[in-house]
Amino acid sequence: TIARTNTDAGLRAKAIRSIGIIGTVPAKTALLELYQNAKTAPEKSAALEGMLIANDQKNVLTLYRNSKTTAEKREVFSTLSKMGGDAALEAIDAALQGQTP
């Protein structure tokens, strides 16, 4: 509730980021939805940080594939590369080949 409705932007971002600690499938789904519905860059960044904490490679790869701008693709790719793992390697390999995984 705090992540979606609090009027304090800093507290809202902290709440979004903290959802990653939970690490469950519903928490990961909530972070994806929060990212997709975010109205500000800090909210999007907080959701990405939460996904990093939860090691949610699947949803970050989905965001990477669906990124609309170069800046967004770069930020999501950065998060994915910090995670390591198969999804990150797939994205890195595709980026080196000029493709989207």
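Contact here means heavy atoms within 4.5 Å. Keep that cut-off in your selection tool as we go around.

Before we start: this is a predicted model, in which local features need pLDDT of at least 70 and side-chain atom pairs count only at pLDDT 80 or more, while totals for chains, interfaces and linings use all residues. Residues are numbered from 1 along each chain as its sequence is written, and side-chain values use heavy atoms, with hydrogens and water left out.

**Stop one: threonine 79**

Select threonine 79, which sits in helix α6; helices are DSSP runs of H or I with at least four residues, numbered from the N terminus. Is threonine 79 buried or exposed? Its relative accessibility is 8%, so threonine 79 counts as buried (under 20% relative accessible area is buried, over 50% exposed, and in between partly exposed, with a 1.4 Å probe and protein chains only). Leaving out residues up to four places away in sequence, threonine 79 touches Leu48, Leu52 and Val60.

**Stop two: helix α4**

Now select residues 41-53, which form helix α4. Colour Glu43, Ala46, Ala47, Leu48, Gly50 and Met51, the buried residues of α4. Which helices do they pack against? Show α2 (9-22), α3 (25-37), α5 (57-66) and α6 (70-83) to see the partners.

Stay in α4 and pick lysine 44. Lysine 44 is partly exposed, at a relative accessible area of 25%. Apart from neighbours within four places in sequence, lysine 44 has contacts with Tyr35, Ala38 and Glu72.

**Stop three: α3 against α4**

Two packed helices are described by the angle between their axes and the distance between the axes. For α3 and α4, the angle is about 160 degrees and the axes are 8 Å apart. Axes are lines fitted to C-alpha atoms, for helices over the stretch in contact, and angles run from 0 to 180 degrees between N-to-C directions. The pair α3 and α4 is therefore roughly antiparallel (under 35 degrees is roughly parallel, over 145 roughly antiparallel, 65 to 115 roughly perpendicular, and the rest oblique).

To see the contact, select Leu31, Leu32 and Tyr35 of α3 with Lys44, Ala47, Leu48, Gly50 and Met51 of α4. By class, these residues split into 6 nonpolar, 1 polar and 1 charged; Ala, Val, Leu, Ile, Met, Phe, Trp, Tyr, Cys and Pro count as nonpolar, Asp, Glu, Lys and Arg as charged, and the others, Gly among them, as polar.

**Stop four: asparagine 55**

Move to the loop between α4 and α5 and select asparagine 55. Although not a glycine, asparagine 55 has a positive phi of about 50 degrees. Asparagine 55 is partly exposed, with a relative accessible area of 40%.

Finish with glycine 85 in helix α7 (residues 85-96). Glycine 85 counts as partly exposed, at 36% relative accessibility. Its C-alpha atom is separated by 7.8 Å from that of glutamine 57, 28 residues apart along the chain.

Then bring in α6, which packs with α7 at an angle of about 130 degrees, the axes being 7 Å apart. That makes α6 oblique to α7. Select Phe77, Leu80, Ser81 and Met83 in α6, which meet Gly85, Ala87, Ala88, Ala91, Ile92 and Ala95 in α7. This contact divides into 8 nonpolar, 2 polar and no charged residues.

Note on methods. Helices (H or I, at least four residues) and strands (E, at least two) are DSSP runs, numbered from the N terminus. The expected span of a helix is 1.5 Å times one less than its number of residues.
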